[in-house]
Amino acid sequence: MRRAALPGLALSLLLSCAGHQQSTVDPAGPQSGKIDTLWWSFFWLLGVIFVIVMAVLLLTLTRRQPDTEQELLESTHKPSEQTDSRIRRVVVGATIVTILTLFVLIVASVGTGKAIADLSFKKNPLTIQVTGIQWWWQIQYMSSDPSQTLVTANELHIPVGRPIQILGLSQDVIHSFWVPNLHGKRDLIPSHTTNEWIEADRPGVYRGQCAEFCGLQHAHMVLWVIAEPEDKFEAWMRAQLQPAVSPSSPDTQRGQQVFLNHACIYCHQIRGTTAAGQNAPDLTHFGSRRGIAANTVPNTKGNLAGWIVDPQTKKPGNHMATIAVNSTDLQPLVDYLESLK
Amino acid sequence: MIATQDLAPQIPNQAEEIEQLQRSWRHPRGVLGWLSYTTHQAIGMRYIVTAFIMLLAGGIEALLMRTQLARPDNNFLSPDKYNQIFTTHGTTMMFLFAVPMMEGMAVYLIPLMCGTRNVAFPRLNAFGYWMFLFGVLFLYWGVFTNAAPDMGWFAYPPLSGPQYTPGKRTDYWAQMITFTEVSALCVATEIIATIFKMRAPGMSLNRMPLYVWSMLIQSFMVIFAMPAVVVASSYLLSDRTIATHFVNPAEGGDPILYQHVFWFFGHPEVYIIFLPALGFVSAIVVAHSRREIFGYTAMVLAQVANGFIAFGLWVHHMFATGLPQIGEAYFTASSMMIAITSGVQIFCWLATLWAGKPRLTAALHFVYGFVAIFVLGGLTGVVLASVPLDWQVHDTYFVVAHFHYVLIGGALFPLFGAFYHWFPKMTGRLMNEKLGKLNFWVLFIGFNLTFFPMHILGLKGMPRRVYTYPTEMGWEQSSFIATVGAYVIALGGILFIANVLSSRRFGAMAGNNPWSADSLEWATASPPKSYNFEYLPMVTSRYPLWVQRSERAFVTGLRSDRREALVTTLMDAEPHHRYVLPTSSIWPFITAVAVSIGFAGSIFNPWYLTWGSVLSGLALIGWFWPRRPVELES
Amino acid sequence: MRIGASVLCIALLLAAACQREKRDIRPSPTNLAIYDDAAKQSTLRPGGPITPQPVVRNPYNSSGYDISEGQRLFQWYNCNGCHANGGGGIGPPLIKTEWIYGGEPANIFDTIVKGRPNGMPAWGGRIPEYQIWQIVTYVRSMNGQQPTSAMPVRADTIETNPQNIVNRVPGQTK
């Protein structure tokens with residue numbers, strides 16, 4: 001009946017997960033691939049066990065005792081020795097099967113964990129430090145050469161096929177770095193540095209989200225991981241390492257003046273200008289990013305204008321001040337920020 | 001009157017003894033009298049009613065949450081309100097409903113099942129209830145003054161620290177824990193003492209009903225687990241009120257310390273909730289399938305193992321924090337091992353049902369529902385025990401689905417079964433069976449509608465504790481179904497309340513033993529008199545009421561002009577000595593008020609601890625002032 | 001029984017007006033309008049006193065959330081650079097009883113908005129008024145002028161100075 005329909009419903013709903021953003025069953029990397037395989041083996045094995053137990057449960061309803069058993073139960077509340085010893089064998093057998101099954105699952109699980117650990121520390125890694133801050137992501141590309149280190153926010157570009165070491169930090173409360181298509185989650189804990197290795201098998205845009213409750217806007221702390229071929233990635237890095245694009249038109253020049261004369265500089269940094277605030281996302285190449293405010297809204301001129309005028313609409317409780325910007329200043333400012341490709 | 005228990009009519013002075021019993025066990029009158037009750041049925045009933053109101057409160061909070069999440073980008077609740085509501089929902093259900101409800105049922109049933117007159121420490125029992133009630137009032141005062149906790153029911157620092165949760169919200173939460181765990185420790189202590197030392201003569205340990213075993217093990221678990229949450233909440237409280245640095249990372253504290261200490265309590269806590277439910281299931285299965293339990297020894301050992309292993313699992317809540325691999329492997333193994341003990345119990349119940357004569361009462365419906373739901377929840381628990389899988393589904397709706405399956409399936413369904421099973425005993429009237437079966441189906445369907453889609457949502461990447469989600473994620477459909485299911489559960493709750501209220505008035509009279517059940521509570525009147533049994537029974541079998549009438553025996557010789565019970569030995573329950581039970585007393589209430597003043601005020605000003613201690617000391621002096629046992633004038 | 005229940009309900013609803021837990025994420029601008037001079041030092045002027053100025057109250061008085069926000073902004077806008085967690089350095093200490101320009105909330109607001117001679121920048125027009133009031137409330141809390149139930153006892157950062165000093169002055173109430 002309903003219990004039998006459940007696995008069927010489950011299967012159809014689960015299969016609808018495939019090919020979806022931020023899905024744990026749509027792996028795009030070796031780590032998440034191994035976890036996906038493990039998941040499906042658990043699912044089928046445990047699903048069979050569930051069906052068997054439910055079948056036995058339903059069968060208890062249909063049992064009709066033979067006459068002697070009925071009389072025995074009436075008088076002694078105990079069935080015959082024969083029945084009991086048969087049941088004992090079944091129960092002991094079921095217990096042994098349970099133990100063996102769990103043992104198999106433990107071995108599979110520990111084996112997968114080890115296989116994933118073996119994917120770490122491969123050659124030629126790229127090290128990226130991700131710092132969780134209420135309610136955005138600070139991304140730092142580490143390098144032994146200081147001129148090759150890069151600070152950006154809320155968006156991670158990685159080369160396809162190269163192992164990436166994510167160093168996880170937090171500046172305030174516990175967050176969690178989670179990009180389901182690539183790997184499981186790793187908490188970002190203040191005073192700790194956690195370590196996770198990810199790798200993308202194929203180019204794509206993968207969505208991640210903070211997975212540890214971190215306050216008012218935990219729901220809007222989204223991260224994009226963009227996996228690109230090595231050459232595209234190098235080109236992106238080179239562009240990002242440049243200081244900010246100088247404003248060329250009078251409109252964008254005006255916009256830069258507006259930016260530098262308002263409270264924006266107390267929190268935001270645009271390398272190549274005098275704005276050097278460290279409290280909020282780096283805006284040096286803001287125009288090249290996909291989203292605003294940890295990807296709460298897509299990065300369009302309209303959304304940006306709305307965000308600047310009233311950050312509390314889309315992300316109430318976030319730490320950006322509601323700065324008064326004149327209507328004549330707003331358009332140039334938006335143009336300027338969008339020009340920072 | 002004599003028909004309330006089957007007695008051989010040769011006991012001299014029977015009528016006079018019974019009349020004296022009624023007078024010495026009479027409840028005092030008036031408001032002050034009501035505050036002084038120490039009989040276990042009264043206190044147990046108070047726990048049950050208060051905890052049920054908390055279930056309703058938690059349910060309303062859940063409905064509010066689900067309403068907000070029914071549509072993407074919904075603005076029914078602001079993020080601040082949503083955070084307060086989901087935290088209060090979890091806190092209410094875990095601390096103010098689940099544990100106290102199980103305690104209340106135990107306080108009511110254990111003395112009856114053990115064949116004695118009251119718990120071992122009646123005034124402590126009353127004190128425990130008042131502390132629980134004051135904890136409820138304390139937290140809900142915070143809820144109604146915009147100071148409901150908002151940092152998640154497990155309150156991880158630094159989010160719950162002084163900088164990131166300003167105001168008094170977390171302080172209300174942390175101090176409420178103190179109230180409830182004092183209450184839990186009181187009940188645990190007296191349950192252990194009652195079970196060990198006040199069983200009916202002849203009820204050796206291997207003749208105890210399985211529910212009594214569950215409560216015994218659970219009470220030991222409470223004693224070992226609750227201090228851990230005292231410590232964790234004290235770290236938080238002192239960090240927030242007196243500038244300590246236990247969990248302040250900047251000054252050398254460690255947020256992970258809090259997580260370890262909290263989960264060392266937190267994991268046994270769910271087994272503390274779950275074990276009494278297993279006892280309910282055993283009692284109902286035995287009574288309603290009218291056969292002895294299959295594998296009594298295996299059941300007992302499985303529960304004991306469950307109790308022990310439960311303390312070795314806690315790190316599975318922390319698999320994403322970057323632990324060493326060997327540690328993770330150990331906790332995977334232990335988390336999966338506990339499935340064996342639960343599995344053995346399920347097999348034994350299925351075996352009992354298979355070879356018994358199950359009578360499909362409403363209570364048994366709930367047991368069937370329990371097996372279906374709990375097994376699914378247990379299997380998703382095995383998934384979560386695996387570290388790589390947990391890395392993907394931790395802190396997602398998959399976990400929400402898992403724990404609701406094991407908690408609602410594993411504890412709430414047996415609890416409803418227990419209500420349907422013992423309602424006749426507690427009120428003297430039968431609940432409406434038809435309405436009960438409808439109640440079951442509505443709850444079962446509503447529950448699965450609500451929580452099954454959450455497995456899908458978790459696998460699709462929806463994290464927990466988000467007040468909204470964008471349209472493009474594809475979570476809308478499952479979320480909407482879940483919300484509809486939540487309202488169906490609410491309907492089930494309403495049906496239950498309707499059944500209770502109408503059955504109390506119009507239900508069929510139950511008599512002593514409507515189910516022809518086996519355990520001692522069914523040997524006396526429904527509802528039981530405040531002294532439980534006119535003459536304490538003796539037992540010679542595991543299923544006392546399934547023994548021939550002519551073979552039943554009773555204890556005579558206990559004084560009836562004062563409150564007396566019989567203390568027996570631990571292993572074989574041989575009579576040892578007579579024990580004078582205290583009569584009604586206002587001191588537990590006064591002590592609870594004094595202690596509560598100390599606790600409640602201390603989050604505002606540390607001086608309240610001092611003055612509270614002084615007042616509590618005075619109250620305890622009043623409580624323990626040596627008195628003669630209260631006797632009736634002959 | 002019913003009377004008791006309804007009294008309890010009303011009491012609970014009244015208690016909902018508790019100021020300490022008020023959180024105003026979207027402050028209305030009209031609540032925070034700056035007057036010409038937030039606090040005049042004196043009402044004496046030639047030609048006799050003029051009609052009294054409206055009293056400017058601190059809208060975030062006793063609000064725990066806003067004291068916490070003030071603490072955050074104190075760090076973010078680098079007030080620490082001159083005032084070092086209240087102990088002073090380049091600038092004067094902010095934990096004191098004798099205020100040069102007045103220690104009332106309106107005076108501190110004025111100081112922050114208009115700046116002061118010898119180095120205090122003028123923040124008015126740069127940062128929104130509601131944030132200035134939050135900083136004002138935080139500075140007041142440093143001096144024990146806010147209820148202890150609304151003040152954080154410490155921050156989750158390294159303690160360089162005691163954040164909040166109370167009972168420092170004999171007779172000063174909390």
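This is a predicted model: local features need pLDDT of at least 70, side-chain atom pairs count only at pLDDT 80 or more; totals for chains, interfaces and linings use all residues.
User: Which helix gives the largest share of the side of chain B that touches chain A?

Analyst: The contact between these chains takes 74 residues from chain B and 73 residues from chain A. On the chain B side, the elements that give two or more residues are α4 (79-114), α8 (255-289), α10 (325-354), α11 (362-385), α12 (387-393) and α14 (433-459). The largest share, 17 residues, comes from α10(B).

User: How many residues on the side of chain B that touches chain A are nonpolar?

Analyst: That side holds ten charged residues and 16 polar ones. The nonpolar residues number 48.

User: How many charged residues are on the side of chain A that touches chain C?

Analyst: This contact takes eleven residues from chain A and eight residues from chain C. By class, the chain A side has seven nonpolar and four polar residues. The number of charged residues there is none.

User: Why do the buried residues of α6(A) line one face of the helix?

Analyst: Helix α6 of chain A covers residues 250-261 and reaches 16 Å from its first C-alpha to its last, close to the 16 Å expected. Its buried residues are Thr252(A), Gly255(A), Gln256(A), Val258(A) and Phe259(A). They line one face because, seen down the axis of α6(A), they fall within an arc of 160 degrees.

User: Which exposed residues does the face of α6(A) turned away from its buried side carry?

Analyst: On the buried side, the cover over the buried residues of α6(A) includes α8 (327-339) of chain A. The face turned away from that side carries the exposed residues Pro250(A) and Asn261(A).

User: Which residue of β10(A) does His157(A) stand opposite?

Analyst: β4(A) pairs with strand β10 (residues 222-228) of chain A in the parallel sense, over five bridges. In β10(A), the residue opposite His157(A) is Ile226(A).

User: Which residue in the hairpin of β3(B) and β4(B) takes a positive phi?

Analyst: Strands β3 (residues 564-568) and β4 (residues 575-580) of chain B run antiparallel and are joined by five bridges. Glu564(B) has Val580(B) as its bridge partner in β4(B). Six residues lie between the strands, and the one with a positive phi, near 55 degrees, is Ala573(B).

User: Is Val297(A) exposed, partly exposed or buried?

Analyst: Val297(A) is found in strand β12 (residues 297-298) of chain A. Leaving out residues up to four places away in sequence, Val297(A) touches Gly291(A), Ile292(A), Asn303(A), Trp307(A) and Lys314(A). A residue counts as buried if 20 or more other C-beta atoms lie within 10 Å of its own. Val297(A) has 19 within 10 Å, so it is partly exposed.

User: What distance separates the C-alpha atoms of Val297(A) and His220(A)?

Analyst: The two residues are 77 residues apart along the chain. Their C-alpha atoms are separated by 9.2 Å.

Conventions:
Residues are numbered from 1 along each chain as its sequence is written. Chains are lettered from A and ligands numbered from 1 in the order in which they are written. Two residues are in contact if their C-beta atoms, placed from the backbone, lie within 7 Å. Helices (H or I, at least four residues) and strands (E, at least two) are DSSP runs, numbered from the N terminus. Ala, Val, Leu, Ile, Met, Phe, Trp, Tyr, Cys and Pro count as nonpolar, Asp, Glu, Lys and Arg as charged, and the others, Gly among them, as polar. The expected span of a helix is 1.5 Å times one less than its number of residues. A residue is buried if 20 or more other C-beta atoms lie within 10 Å of its own, exposed if 12 or fewer, and partly exposed in between; C-beta atoms are placed from the backbone. The arc is that of the directions from the helix axis to the C-beta atoms. Two strands pair if DSSP finds at least two bridges between them.
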